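Reader: Hello! Could you take me through the aromatic side chains in this model, with the cut-offs spelled out as you go?

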Amino acid sequence: MAHFNVLGSLECWADGIRVHAGGPVHERVLAMLLLENGHVVPVARLVQAAWDEEPPTTASHQIRKAVAALRSRIPGGRDLFLTDGPGYRAAVQDEQLDVRVFSRSARQGAQALAEGDPATARGLLRAALALWRGPVLAGDGGEVIAVASTPLEERWLTAAEQLFRIRLDDGEAAELVGDLRAAVAAHPLRETLRGQLMLALYRSQRQAEALKEYEAVRAMLRDELGVDPGPHLKSLHRAILQEAPEAAAPERARRSARPDPAPADPGGHGDEVRGPRTLPSDLGDFTGRQAELGRLLAYATAPEPANGLRVVAVDGMGGSGKTTLAVHAAHQLAGRYPDGQLHIDLRGFTPGEQPLRPAAVISTLLGALGVPPERVPEDDAGRDALWQSTLTGRRILLLLDNAADLSQIKPVLPASPGALVLVTSRVRLVDLDGADWISLGEMTREDSTALIARTLGQDIAASDPEATAALAGLCGHLPLALRISTARLRNRPRWTVRNLVDRLSDESRRLDELNSGDRGVAVNLRLSYQALDQWHRTAFRLLGLHPGTRADVHSAAALLQVGTQEADEVLENLLDMHLLQQHEVGSYAFHDLVGAFARSLRNEGTEAADITAFERLLDFWFLATEAACAVLFPGRADYPAPAQEPSVQSELPRLDTPDLARAWFDRELDSLKAAVRLAHTWGLHRHAVRLARNVVFHLNLRGRTEEFHEVSTVSVAAARALDDALALRMSLSNLAAAEWKLGRLKEGAGSADEAVEIARRIGDRRGEAFSLDLLGLLHMSLGDLSTGRHHLRQSVALHVATGNAGQEATALCNLSTVNTWLGDLEEATRAAERARSIYRRLGDRDNEVAALNDLAIAHLQRGDPHAARRCVVEVETEDMVNESRMPENLALTLVLAADVHHRLGDAEGASSRLDRALTLARSRGTPIRRATIENIAGFVQLRRGEPEAALALHRHAHRSSESIGYRFEQARALTGMAAASVALGFGAEAVEFGQRADELFDRMRVPAAGRPPATA
């Protein structure tokens, strides 16, 4: 079941695993639905919540996509987020939503206070306030969500005031001053809070400070609102000034005051603690974990189950703060258990110690309850019976800390009602029946930086917030690591936060830096590691070889050389030991520090096994990417069979449909890129080349051109190290393609030229054809149109001769473009139509769009917008491309559609497409394609009577195309600048721009039929 926290940063949890909602739009939509839980939220209001005053034109569509994504990502999401009339409705149970639990507890607390039951009110209000981590979406939700959450903030303030009132009535004073000062600083005009601070100061023998508070608020109210304090605050001021009895602590509170009072009681029983107390001291600077603390207190104070025994278990990796949280909660719950609060360290994971046996645990606890040793039977049955009889009728809190397994705990659990058992363990004790579970992961970024500020001092943390945030990240947001690092800084006064960040940035020494005797992070992790059997230790080390941020059962199976079922069991066991994390179902990851520890286990003795395992992973990824590419890129040339077949026999994931193949590639892409780099670093050059070749296909599909170039560069280096001519030719060809897309035209021409030379030398005719295509494309982009067309015609002929239809179509598209530029529009049309026919036959819908775009361009150049319209309409109506697949192709389709619609008199259709095309081109387009789109858009704007906008577009296109040497678009931009200048009355500039355009076109030998019109 999913649980949602909206009070503060948005969180969704399912079975102890954090579920990420998505980006900012997803978070705002989810927050809005949860705030209005049970009520229909219209799509229009969700649009306002997501974008405030400036929604995009596709806002409604994006809202629907966001809701669909939430339904998919969140377990049970289809039943939680329902379509209802004009919008959507969240159907979340109250217990699943912190804001509902908060509101209910606050309401019940206020009611108990009104009914004269302050003890019950105290517990309910504490439980409510423990859930408050801050305003909804941490105050970053925008205006609509801020308005919707305002009543919650007022409810929180009211609850805080009510709890302060109760605590003041119970005789507390000095201990409230700090909290009240913080509350007043945040809400300086709140008179109730100011009055409570005055009372707390006065009752702490600080009358002068209390009177100063009154003067401060009176001056503030007069300056900002022009009013005086209210009658209640004035009356309180007089009482303090005159030391009147009504300002003193209530008599009942003074009578009940004890020298060593029990900590505050969320349950509200208020009984005097008369039993033994062996709890460790609570941390004075306990920071963060408010959501987890709120859940723990809510579980602990819920109605008792049928058997009367409440068990709350806290699990998490070593150093995550399990004991600190449990001890902090136990102190707050102490008042509910007046017969004793007992703590015992079970030593499940203690350096140099064996876990305590249940017999020793029970004997120790009996002694704490006052049972003499001579009365404790030596046999297990007698000892257990005495333990249970001793507990009968007692309200006891037991904190069983640092448990190794269930066998330590089960004999200790009370059989009689009235007890609360808190358990902490590094292992998720899944067989602990009836327990409520809280799993601790990393602290939030906000809590981590707050802990640094609390331990170092706010001034130091605030002096370099960037370094403070970096320190929190390098410590993995782990409380133990944060406390060790800040302790080191306190002991080294000459160090700055930046100094420590620099030291921790070196992963090879990070664990050593986070060491403090037996409190080191590595010490804690080694204890968990040593608790594994030998097979799981080996598996843990091998999983550390995974170069990405996440692993699934298939990649794990390859690394471990086992089946997917056994790999799943290993991953789940390591997850239960908190040596792995799971942020979504089927995806496993190391915490940063755990990953560093796993990598530190490698040594000379493991080197051979480690390399072999990594080779298995590379082989698996090669086979999986081959299968995915076969589905996504039909007609792609086969990679030459390797001298040695891949050694891995692992089961591949399902990749038999385009959607499955794309989704798998998207999930694995970061890991695949990292694998290519690491394979080259480790000298596994052939693996690097083979895998890189497949990865760049998908990078190109997704428009991730910089990464395409990066992977291709590594592939070229690996091929040169191999001294493999065929591998080098292939890698250079891919590098040339990436360089063209990035506008690095001269570098690309050099790469393509070398690839052609190698292909001819080794008789690689298919490679020669592909490289000639690239060389022709690069020459024509540099302005040598005739040479470019010559290479492209050679490429097409070679592709036909070698039977490589897919690459033939690509070369035909490029040939269509250069023929359009050279004014040979009949040949341009034929080439594009032929390319489109081939792609359609192959089922390659993504590249078919490119052919239809080229065909539309040729028709427009011929002055036939009706024929061009058929091309763009086909793309749009058949949904052949979207923003995630070939985004630059979609951007070109949209700007061509805008051109067509305007020429045919549809101004509205032109405007919407034009805006979307430019947005997409600027955010996802390559420099080459962006210049083309801006020039087409400029001519459309000129025909629409917007010469200023046209001039700006052409100027930008000219700057970018000139900087990369893209001659044709440079000349076309100048033509557009000339036409726009004419329309604006800039005669001299128009003449200059026109002459420069003509010079460039003449140099490229572009006839009139290939040039854009000189006027609108």
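Author: Happy to! Phenylalanine 4 has 0% relative accessibility and therefore counts as buried, where buried means under 20% relative accessible area, exposed over 50% and partly exposed in between, with a 1.4 Å probe and protein chains only. Phenylalanine 81 is likewise buried, at 1% relative accessibility. This is a predicted model, in which local features need pLDDT of at least 70 and side-chain atom pairs count only at pLDDT 80 or more, while totals for chains, interfaces and linings use all residues. Residues are numbered from 1 along each chain as its sequence is written, and side-chain values use heavy atoms, leaving out hydrogens and water.

The structure holds 13 aromatic pairs; rings of Phe, Tyr and Trp (its six-membered ring) pair if their centres lie within 6.5 Å, and planes under 30 degrees apart count as stacked, over 60 as edge-to-face and the rest as tilted. One of them joins phenylalanine 4 and phenylalanine 81 edge-to-face, 6.2 Å centre to centre with 75° between the planes. Phenylalanine 4 lies in strand β1 (residues 2-5) and phenylalanine 81 in strand β5 (residues 81-84), so the pair ties together parts 77 residues apart in sequence; strands (E, at least two residues) and helices (H or I, at least four) are DSSP runs, numbered from the N terminus.

Phenylalanine 540 and phenylalanine 590 also pair edge-to-face, at 5.5 Å centre to centre and 85° between the planes. Phenylalanine 540 sits in helix α25 (residues 534-543), and phenylalanine 590 in the loop between β13 (587-589) and α28 (592-600). Both phenylalanine 540 and phenylalanine 590 are buried.
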